Amino acid sequence: MLSNTKRQLAPAQLDALLRESTGIGCRVDAELTDGWFNTAYRVLLDDGRPAVVKLAPHDDVPVLRYERGIMATEAMVYRLAAASPGCGVPMPDLLHAGDGFLVISTLDGSPWDKLADELAPESASPLRRELGRIVAGLHRLTPADGRFGYPAAESALSAADWGTAFTAMVEAMLEDAARWNSALGVPPDDVRALVADGGYALDEVTEPCLVHFDLWPGNIFVRMADDGSAARVTGLIDHERAFWGDPAAELISLAFGGDTGADSALVAGYTEAGGRFGSGPAFRHRLALYGLYLGLLLVTECGPRGYQDADHVAFCRDYLDARIAELRALR
């Protein structure tokens, strides 16, 4: 995906960057073009290990407020998972973390969205159940300081309680939307009122956990059996947008890959592994608020990234419109 935030380096420049920072150079195999924010290259390190190098945007490239410092957030997630083997979440290993770049190990398999047409229909339910168990493990990761919101200090979007943190996250998105003249299709004060209406529901969340918030099929790696009759999840990638918050917020991006209802295979796996998303009117109200936040994000990010594809822009607007309508119906 073409994006104004992507930082391009020639193979010789990337080799020099790694050699100077880590003492190990690399040979570039290919640029991985599916990403929408960072630039990623598949490389072979000089010591023989295959790896992926992720480059953050240049410091002078405009980004959304929540995106400030998010590469360090991804490194934090890898370190937390490595220090908590009991969480059972497959993900790349962090090989190096430098100024504006990460080097991570490769994963077995391919992104789920690339295999969707090849997977046997009967494999869908077991895979979603397995994914639910993995997500429950991810949600066992918690912040040392007990705070909610985005981990990176650069964003200044954290608070001692979830309602304050989430309200600040929405306000930052509204400010970014104004900065980029994003056509939200709704007055900012209406958005603020919708969030305030759900304050009682946000206040029910008292313990923060790690929420990936970008678990669409492209960020879930899957490996098929040779005969295509079975498959397994081999890893989760792109953790940079993670925040400390309500586990129920995870259902928003997971819904892009399939059913997330109470009777779904995904929720069954999540519950089997000890997770609990919640239920009832307050739970449904929070889900609608998290959908609103994602809708605001999708529309607003089109500005700094320079997205002009009509179909994508229309999808983002339609998604936001639907989430606003959903919240208004709850009034």
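What radius of gyration would a compact globule with 331 residues have, and what does the protein chain have? Notes below.

1. **Overall size.** The globule value is near 20 Å, and the protein chain has 20 Å, which agrees. For the record, the radius is taken over C-alpha atoms, and the globule rule is 2.2 Å times the number of residues to the power 0.38. Along its principal axes, the C-alpha trace spans about 60 × 45 × 40 Å.

2. **Ground rules.** This is a predicted model, where local features need pLDDT of at least 70, side-chain atom pairs count only at pLDDT 80 or more, and totals for chains, interfaces and linings use all residues. Numbering runs from 1 along each chain as its sequence is written, and side-chain values use heavy atoms, with hydrogens and water left out.

3. **Fold inventory.** The protein chain has 11 helices and 12 strands; these are DSSP runs numbered from the N terminus, helices being H or I with at least four residues and strands E with at least two. Of the contacts (heavy atoms within 4.5 Å) between residues at least 6 apart in sequence, 70% join residues at least 24 apart.

4. Buried residues make up 51% of the 331, where buried means under 20% relative accessible area, exposed over 50% and partly exposed in between (1.4 Å probe, protein chains only). The chain exposes about 14,400 Å², with carbon and sulfur atoms supplying 51% of that area; areas come from the Shrake-Rupley method with a 1.4 Å probe, and for residues only the protein chains shown count as cover.

5. **T73.** Look in helix α2 (residues 70–83) for this one. T73 counts as buried because its relative accessible area is 3%. Leaving out residues up to four places away in sequence, T73 touches P151, A152, H239, E240 and A242.

6. **D15.** This residue sits in helix α1 (residues 11–22). Beyond residues up to four places away in sequence, D15 touches G25 and C26. A polar atom of the D15 side chain lies 2.8 Å from the backbone nitrogen of C26.

7. **F315 and its patch.** F315 belongs to helix α11 (residues 310–329) and is partly exposed, at 39% relative accessible area. Together with W216 and F256, F315 forms a nonpolar surface patch with about 270 Å² of accessible area. Patch members have over 30% relative accessible area and no salt bridge, with like charges joined within 9 Å and nonpolar side chains (Val, Leu, Ile, Met, Phe, Trp, Tyr) within 5 Å; a salt bridge is a side-chain nitrogen of Lys or Arg within 4 Å of a carboxyl oxygen of Asp or Glu. D15 and F315 are 300 residues apart in sequence and 38 Å apart in space, C-alpha to C-alpha.

Definitions and conventions. A polar contact is a pair of N or O atoms within 3.5 Å; within protein, one must be able to donate a hydrogen and the other to accept it, and residues adjacent in sequence count only if both atoms are side-chain atoms.
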